[in-house]
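Subject: A structure for you to explore

Hello,

Here is the structure I promised to hand over. Have a look at it first, and then read on for what was found in it.

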Amino acid sequence: RRRYWPLLMIYFAYGLAGFSAIAVTFWQKEELGLSAQQLLAIAAWASFPWTTKIVFGQFVDCIKLFGSRRKVYIYVGACFLVRGTITQAGLAGRHDWIMWLGNEYGIWLLSSLLTVIGYVIQDVTADTMTTEVVDRDEIVDGVVRPSAEADIKAELEMVQVYARIAIYMAISIVGGLGGVLDEKLYIDNVFWTPLLVST
């Protein structure tokens, strides 16, 4: 159904998020120069927004931004993601416009937090949208009636199946295309590529 597409595009984009993961793993190991302790600290801080996901969910459910409880939050999450990716690209290329922020550890921590916050905001918004795209009413003989509970549950399950398919399709594309480009492009170009494609 057409109303599923905006939601499925969010999940598809989430699946594409792993585009730079292969290159980042080797870059962290070979060039970034962070200690194991620093990498663990970054991983711990980056997991923190996921543990407070319920707080983000309350914002999405209760606070309207510019009259919207859903669409604007998707764009807010996207802004965090773009900013985090640009910060990563700047660090990878050792560009002056980002290195003034501090050392590699601080910049990588900042970019990781920005990116994860973007994912969390979009994830809770998409989860909420999942329940909203399902019809709660049906028209029978010209009369609007509440849908049967079993029909609502079946459609909710189907939307979740479609969402997982969208994620796995994106991961498959990333696995093929991303692996080839990771071999041929320098790391900062790897970060820039998904931004250019999405724009």
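Let's begin with helix H1. The face of H1 turned away from its buried side carries two exposed residues, Trp-5 and Met-9. Here, exposed means over 50% relative accessible area, buried means under 20%, and partly exposed is in between (1.4 Å probe, protein chains only). Helices (H or I, at least four residues) and strands (E, at least two) are DSSP runs, numbered from the N terminus.

Before going further, please note that this is a predicted model: local features need pLDDT of at least 70, side-chain atom pairs count only at pLDDT 80 or more, and totals for chains, interfaces and linings use all residues. Residues are numbered from 1 along each chain as its sequence is written, and side-chain values use heavy atoms, with hydrogens and water left out.

Back to H1. Its buried residues are Leu-7, Leu-8, Ile-10, Tyr-11 and Gly-15. Seen down the axis of H1, they fall within an arc of 150°, so these residues line one face of the helix. The arc is taken from the directions from the helix axis to the C-beta atoms. The expected span is 1.5 Å times one less than the number of residues.

H1 packs against H7 at an angle of about 145°, with the axes 10 Å apart. Axes are lines fitted to C-alpha atoms, for helices over the stretch in contact, and angles run from 0 to 180 degrees between N-to-C directions. On the H1 side the contact is made by Leu-7, Ile-10, Tyr-11 and Tyr-14, while H7 brings residues including Tyr-119, Gln-122 and Ala-126. Contact means heavy atoms within 4.5 Å.

Gln-122 deserves a stop of its own. This residue of H7 is buried, with a relative accessible area of 12%. Leaving out residues up to four places away in sequence, Gln-122 touches Ile-10, Ile-74, Gly-77, Ala-78 and Leu-81.

Which residues touch the most other members of the largest nonpolar core? They are Leu-7, Tyr-11, Val-133 and Val-159, out of 15 residues in that core. Helices H1 (5-16), H7 (104-132) and H8 (149-184) each supply at least two of its residues, and the largest share, five residues, comes from H8. A nonpolar core is a set of buried Ala, Val, Leu, Ile, Met, Phe, Trp, Tyr and Cys residues joined through side-chain atoms within 4.5 Å. A second, separate core has eleven residues, among them Leu-32, Ile-42, Ala-92 and Ile-98.

Helix H5 (residues 71-92) has 22 residues and reaches 32 Å from its first C-alpha to its last, close to the 32 Å expected. Thr-87 lies in H5 and counts as buried at 1% relative accessibility. Not counting residues up to four places away in sequence, Thr-87 touches Ile-98, Ile-107, Ser-111 and Leu-114. Its C-alpha atom is separated by 7.9 Å from that of Trp-108, 21 residues apart along the chain.

Finally, the overall picture. The protein chain has nine helices and two strands, and buried residues make up 37% of its 199 residues.

Enjoy exploring!

Best wishes
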